Amino acid sequence: MKQMKIGDWILEVDVERTKDFYQAYHQITEGCDCLSCKNFVTAIKLIPKPVLDFFRSLGIDPTKEGEVSEYYEKKDGMHLYGGFFHIVGELISGPDCWVETSVEVSHLATNNMIEINDFKFGFTYGVSSLPDEFPKPTVQLEFEGTIPWMLKEEP
């Protein structure tokens, strides 16, 4: 594992083991056939290079494994998406991008995130929906960003 400093976080990441998992795993659309997921897999290839480079620097293939959701269409026609991906590694220090607002409710604190070309990224100490075969230890990368609607079908 190699130590990385990203924004206010220090992580230990095994990029090669992460990359190996993503190469072997199926696309998001094999686990879900909704239009939002299909659009994400299509449009993610067109996002700015610095965003793709960030995913790749951690070993992530953003068309696979993670959890993605379309939140809404913005006035400019772009669609706001959010979700998370997993990385083999450990979060050593830094703010949790999820903040508890009451006993039962948490929210994504976008002030605890970094921004790369209209995409926001942050890390959390929690892990959700981890596939059984994902290598441990695991770090969860949260994201939020806008992408175009690429499908002929409307959401």
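**Reading the core and the loops**

Trainee: Which residues have the most contacts inside the largest nonpolar core?

Mentor: They are Phe40, Phe55, Leu58, Phe85, Phe121, Phe123 and Leu141, in a core of 40 residues. Strand E4 (residues 79-93) gives the most to this core, with 5 residues. A nonpolar core here is a set of buried Ala, Val, Leu, Ile, Met, Phe, Trp, Tyr and Cys residues joined through side-chain atoms within 4.5 Å. Buried means under 20% relative accessible area, exposed over 50%, and partly exposed in between (1.4 Å probe, protein chains only). In soluble globular proteins, nonpolar side chains tend to be buried together.

Trainee: What kind of model is this, and how are its residues numbered?

Mentor: This is a predicted model, in which local features need pLDDT of at least 70 and side-chain atom pairs count only at pLDDT 80 or more, while totals for chains, interfaces and linings use all residues. Residues are numbered from 1 along each chain as its sequence is written, and side-chain values use heavy atoms, with hydrogens and water left out.

Trainee: How many helices and strands does the protein chain have?

Mentor: There are 4 helices and 9 strands. Helices (H or I, at least four residues) and strands (E, at least two) are DSSP runs, numbered from the N terminus. Their order from the N terminus is β-β-α-α-α-α-β-β-β-β-β-β-β.

Trainee: Which residues of helix H3 are buried?

Mentor: In H3 (residues 35-43), Ser36, Cys37, Asn39, Phe40, Val41 and Ala43 are buried. These residues pack against helix H2 (28-31), strand E3 (67-73), E4 and strand E9 (138-147). Contact means heavy atoms within 4.5 Å.

Trainee: Is Thr18 buried or exposed?

Mentor: Thr18 counts as buried because its relative accessible area is 0%. This residue belongs to helix H1 (residues 15-24). Leaving aside residues up to four places away in sequence, Thr18 touches Leu58, Gly59, Ile60, His86, Ile87 and Val88.

Trainee: Where do Asp118 and Ser129 lie?

Mentor: Asp118 is in the loop between strand E7 (114-116) and strand E8 (119-124). Its phi is near 70 degrees, a positive value in a residue other than glycine. Asp118 counts as exposed because its relative accessibility is 56%. Ser129 sits in the loop between E8 and E9. Ser129 is not a glycine, yet its phi is positive, about 50 degrees. With a relative accessible area of 57%, Ser129 is exposed.

Trainee: Which residues does the cis peptide bond join?

Mentor: The bond joins Lys136 and Pro137, with omega about -5 degrees. Pro137 lies in the loop between E8 and E9.
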